[in-house]
Amino acid sequence: MELPQARGPLSAGLFGGVRDPEQLHPDVLVEQVRQLLPGSDPLTHDDLQLCLWVLYELHYRGFARVDDAAEWDPELLRVRRVLEHFFEDELRRRTRETVAAAIAGEGDVATRLFAFCESFASPSVAQFVQREATLEQVNEFLVQRSIYHLKEFDPTSWSIPRLTGGPKVALAEVQYDEYGAGRPERLHSQMFADALEACGLDSRYGTYIDQVPATTLAVNNAMNMFGLHRRLQPAALGHFGAFEATSSLPSRRFAAGMRRLGLPEPAPAYFDEHVEADAVHEQIALRDVCAGVAAEGPAALHDVFFGAAVCLYLGSVTATESLDCWRHGRSALRQPADGAAVA
Amino acid sequence: MNIDPDFKVSSRNDDVELVPCPDGPVLVRGADTIRDSEGVDHAVTRPVVALCRCGKSSRKPWCDSTHKAIPKD
């Protein structure tokens, strides 16, 4: 994958330094981030979110013409840390009240997490896709989702070596299913790539990064930040739990909408798979993984709910933004996706 | 266990585990096929499957999370 197009002075400066360490000026970058702090919303800040996304991607597959050693360049990590502080603080601030209310709910941890996911108020992209989205809007939805689904479950996999006992076994069981249960054609990221190809879209990893808005990057960056920091492991698993627990019912609507529009079968089939798979995964995720991790103590319990809240909150932010664009006849992408669905 | 009596779980070995989830499906590990009330066998294709217990799934015998959309008493 090529480095994305810069979205402002921060990413322009950072990408120059990622390509050539001689051109890296971390003090300048750190100062630029600090100047952003007052009055900026990091969740919708294109320049900041793109920088974070690129720095995290160094830990996955890296970029063409970028030295693999950049992954552990201490100066790049220092810049990343400043960006992450800004991002994490804002996520905690935005979710503080819902987290406290969810923790104070009735029942065991799994019951409270299910209740939290079911009661979280968010507009529904799934309902929109099921009932009224156009072919172009569904393509835009697939493009936005491609940033995560082409590396589906990878951010959660970071947690496995840090777990022990029952929660480790439970997470590995879900991972095996996500990774195709021994059949490469059932690897969920491959099924999503097949869906993109069938719809005439580009399935190459990272292709659409220049087209997705800051909020889509924020969704991915939250998963990457939680996954890469052992300190944030309970949040990573709470996020995973909420993601699984809000997937099965919407997936049925997505599949129905895609069949309404006559999309090629691999597209609805991907979502059919998630109706069934995630009805299993949500039970294992909340009862065996999240409850097990939350039992480690009050801080772990808190961050399990924090991670879940971030998943639900950022989901509602992206849904609100996309639906607002589509209902006003605008594209929800930064520029229209290439290619059209083969309907 | 309150598992739907219409479903029969079969396996080549005896090591089948059934885990009922409160207000949810029953998880089944180690099964090869699930036979429904019409005698139709459904192959188990994933390491663990969830069987519908609310009777409202559109993908029976598999759970599709519809139980969450049913108001609890």
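In chain B, β2(B) and β3(B) form a hairpin with five residues between them. B:Asp23, in the turn, has a positive phi of about 55°. This is a predicted model, where local features need pLDDT of at least 70, side-chain atom pairs count only at pLDDT 80 or more, and totals for chains, interfaces and linings use all residues. Residues are numbered from 1 along each chain as its sequence is written, while chains are lettered from A and ligands numbered from 1 in the order in which they are written.

**Strands of chain B**

Helices (H or I, at least four residues) and strands (E, at least two) are DSSP runs, numbered from the N terminus. Two strands pair if DSSP finds at least two bridges between them.

Strand β2 (residues 17–20) of chain B and strand β3 (residues 26–29) of chain B run antiparallel, joined by four bridges. B:Leu18 has B:Val28 in β3(B) as its bridge partner. β3(B) also pairs with β6(B), in the antiparallel sense, over four bridges. There, B:Val26 stands opposite B:Leu51 in β6(B).

Chain B also has an open sheet of three strands, in the order β1-β4-β5, with antiparallel pairing. Its edge strands are β1 (8–10) and β5 (41–43), each pairing on one side only. From one strand to the next, the twist averages 25°. Strand β4 (residues 33–35) of chain B meets β5(B) over three bridges, in the antiparallel sense. B:Arg35 stands opposite B:Asp41 in β5(B).

**Where the chains touch**

Two residues are in contact if their C-beta atoms, placed from the backbone, lie within 7 Å. The contact takes 16 residues from chain B and 15 residues from chain A. On the side of chain B that touches chain A, strand β6 (residues 48–51) gives the most, with three residues. That side of chain B divides into 10 nonpolar, two polar and four charged residues. Here Ala, Val, Leu, Ile, Met, Phe, Trp, Tyr, Cys and Pro count as nonpolar, Asp, Glu, Lys and Arg as charged, and the others, Gly among them, as polar.

**Helix pairs of chain A**

Two packed helices are described by the angle between their axes and the distance between the axes. Axes are lines fitted to C-alpha atoms, for helices over the stretch in contact, and angles run from 0 to 180 degrees between N-to-C directions. A crossing is left-handed if the near helix is turned anticlockwise from the far one by less than a right angle, and right-handed if clockwise.

| Helix pair | Angle | Axes |
|---|---|---|
| α1(A) and α2(A) | about 160° | 10 Å apart |
| α4(A) and α15(A) | roughly 115° | within 9 Å |
| α5(A) and α12(A) | about 60° | 10 Å apart |

The angle of about 160° makes α1(A) roughly antiparallel to α2(A) (over 145 degrees). Their crossing is left-handed. A:Leu10 and A:Leu14 are among the α1(A) residues that meet α2(A), whose side includes A:Val28 and A:Leu29.

α4(A) and α15(A) cross in the right-handed sense. Their contact includes A:Leu91 and A:Ile103 of α4(A), and A:Phe305 and A:Tyr313 of α15(A). By class, it has 10 nonpolar, three polar and two charged residues.

The crossing of α5(A) and α12(A) is right-handed. A:Leu113, A:Phe114 and A:Cys117 in α5(A) meet A:Gly241, A:Ala242 and A:Ala245 in α12(A).

Conventions: Angles under 35 degrees count as roughly parallel, over 145 as roughly antiparallel, 65 to 115 as roughly perpendicular and the rest as oblique.
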